[in-house]
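Subject: Structure handover

Dear colleague,

Please find the structure below. My notes on what was found in it follow.

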Amino acid sequence: MPHRPVSCDLFCAVVDNLGDAGVCWRLARQLAAEHGWSMRLWIDDTAPLILLRPGIDPQLAQQTVDGVEIRRWTAPFPAVTPAQVVIEAFACELPPAYIAAMAQQTRPPVWINLEYLSAEAWVAGCHGLDSPHPSLPLNKNFYFPGFTAGTGGLIREGSLAVPPPSTFQSPLTVSLFCYDNPALPRLLDAWAAGNEPLECRVAEGLPRRQVEAWLGTAFAAGAEARRGSLMLRALPFVAQPEYDAVLAGCDLNFVRGEDSFVRAQWAERPFSWQIYPQADDVHHGKLDAFLNLYAEGLDGPTSSGVANFWRSWNGMGDAGAAWPAFRAVLPALASHARSWAAQLRRLGDLAGNLAEFCEKRI
Ligand code: TRH
């Protein structure tokens with residue numbers, strides 16, 4: 001590790017939801033804690049961050065939490081000395097004044113564009129490629145998280161414990177974190193009408209509001225409701241580390257987007273993923289790209305049980321009808337989840353891989 005801590009500016013523009021902030025906060029904290037980097041996180045909206053890490057003060061334009069200097073990204077952008085490493089998360093487009101300052105540095109910063117997570121086959125071929133700036137003496141490197149060799153791997157903190165395998169006691173325990181999902185009411189119907197006792201722990205926000213609509217009665221955080229074989233518990237929103245405990249405490253996890261999707265894989269339990277919906281159903285191809293990777297090594301019934309259910313959960317079928325076949329393969333999926341996570345760990349973690357990539361170029 002270089003003597004003087006590496007300085008790094010990480011830029012995050014919050015598009016919607018929590019994931020942009022969720023991924024950037026995890027990465028910033030890990031680079032500071034595990035690699036001793038001097039981290040400065042520029043974020044244009046701290047609201048999601050405060051949910052993910054209670055204690056962050058929304059009033060402060062500048063504060064240091066968990067070894068990360070958090071700065072509100074405002075326009076006009078303040079005149080600061082660019083860091084040695086500049087991470088532009090999810091192609092958020094850096095402030096022009098900051099780019100001009102980067103070009104003034106005697107040693108141009110290592111400029112990283114951290115891409116969204118995708119399982120598509122082309123990702124490994126684009127990982128690490130660089131593109132020279134059209135007019136300034138700067139080079140941008142594209143850095144792709146991923147599930148295969150040749151990518152940057154996934155975010156995984158060194159301190160993250162591997163939970164004990166689930167035991168599938170009765171009731172079956174399920175956590176629910178999703179977007180607005182038209183497939184949900186049919187699934188809740190199937191669970192309520194089923195023979196097996198099932199406890200569904202419902203995350204705050206979009207999931208709870210949809211369950212409340214299905215119940216037709218108030219269902220505030222902390223509330224419980226029973227319908228036939230289905231027991232529903234409304235969870236409060238918990239900080240990121242506690243969310244890992246929610247995932248580790250269930251037999252099956254419904255997750256979405258990017259960060260919770262990755263955490264579900266580190267929880268080494270069966271999961272169902274609602275991918276971030278995009279126009280023209282572009283996300284369907286991305287879903288299948290991951291399914292093809294994830295289902296490698298699974299036998300026919302397990303693979304089709306997963307594929308049919310996930311596709312139904314993402315608008316391509318009836319999740320209520322696809323549930324029994326998915327339920328039947330959960331034990332097989334539970335052991336697959338452990339070998340899958342072991343396979344992912346062999347890629348190294350994204351923060352470690354990124355630090356190595358950058359430190360070679362500083
Ligand atoms: O919130 P998301 O839907 O974020 C999305 C995705 O990142 C998507 O890729 C991106 O394009 C879009 O934003 C703009 O889902 P995600 O990525 O799972 O982020 C949710 C975060 O919330 C994650 O860090 C886990 C965290 N979380 C908690 O910390 N506590 C909780 O109680 C819950 C339910 C979630």
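A salt bridge here is a side-chain nitrogen of Lys or Arg within 4 Å of a carboxyl oxygen of Asp or Glu. By this rule the count comes to 19 salt bridges. The model is predicted, so local features need pLDDT of at least 70 and side-chain atom pairs count only at pLDDT 80 or more, while totals for chains, interfaces and linings use all residues. Residues are numbered from 1 along each chain as its sequence is written, and side-chain values use heavy atoms, with hydrogens and water left out.

Salt bridges

Arg26, Arg29, Glu157, Asp244, Asp259 and Arg263 are linked in a network of salt bridges. Glutamate 157 lies in the loop between strand S8 (139-143) and strand S9 (172-176) and arginine 263 in helix H8 (residues 259-266), so the pair ties together parts that are 106 residues apart in sequence. Helices (H or I, at least four residues) and strands (E, at least two) are DSSP runs, numbered from the N terminus.

Arginine 263 also meets aspartate 244 in a salt bridge (2.9 Å, N to O). Aspartate 244 lies in helix H7 (residues 240-248) and arginine 263 in helix H8, so this pair ties together parts that are 19 residues apart in sequence. Buried means under 20% relative accessible area, exposed over 50%, and partly exposed in between (1.4 Å probe, protein chains only). Glutamate 157 is buried at 9%, arginine 263 is buried at 2%, and aspartate 244 is buried as well.

A further salt bridge joins glutamate 196 to arginine 327, the closest N and O atoms being 2.7 Å apart. Glutamate 196 is in the loop between helix H5 (184-193) and S10, and arginine 327 is in helix H11 (residues 319-328), so the pair ties together parts that are 131 residues apart in sequence. Glutamate 196 is partly exposed at 28% relative accessibility, whereas arginine 327 is buried at 19%.

The sheet

Six strands form an open sheet of mixed pairing, in the order S11-S12-S10-S9-S13-S14. Two strands pair if DSSP finds at least two bridges between them. The edge strands, S11 and strand S14 (271-274), each pair on one side only.

Strand S12 (residues 230-234) has four of its five residues buried, so S12 is largely enclosed by the rest of the structure. S12 pairs with strand S10 (residues 198-202) in the parallel sense over five bridges. Arginine 201 has arginine 233 of S12 as its bridge partner, and glutamate 199 has methionine 231 of S12. Strand S11 (residues 224-227) runs antiparallel to S12 and is joined to S12 by four bridges; here arginine 226 stands opposite methionine 231. The hairpin of S11 and S12 has two residues between the strands, and glycine 228 takes a positive phi near 60 degrees in it.

Helix packing

The axes of helix H9 (residues 282-294) and helix H12 (residues 330-345) come within 12 Å and cross at roughly 90 degrees. Axes are lines fitted to C-alpha atoms, for helices over the stretch in contact, and angles run from 0 to 180 degrees between N-to-C directions. Contact means heavy atoms within 4.5 Å. The contact is made by Phe290, Leu293 and Tyr294 of H9 and Leu333, His336, Ala337 and Trp340 of H12.

Regards
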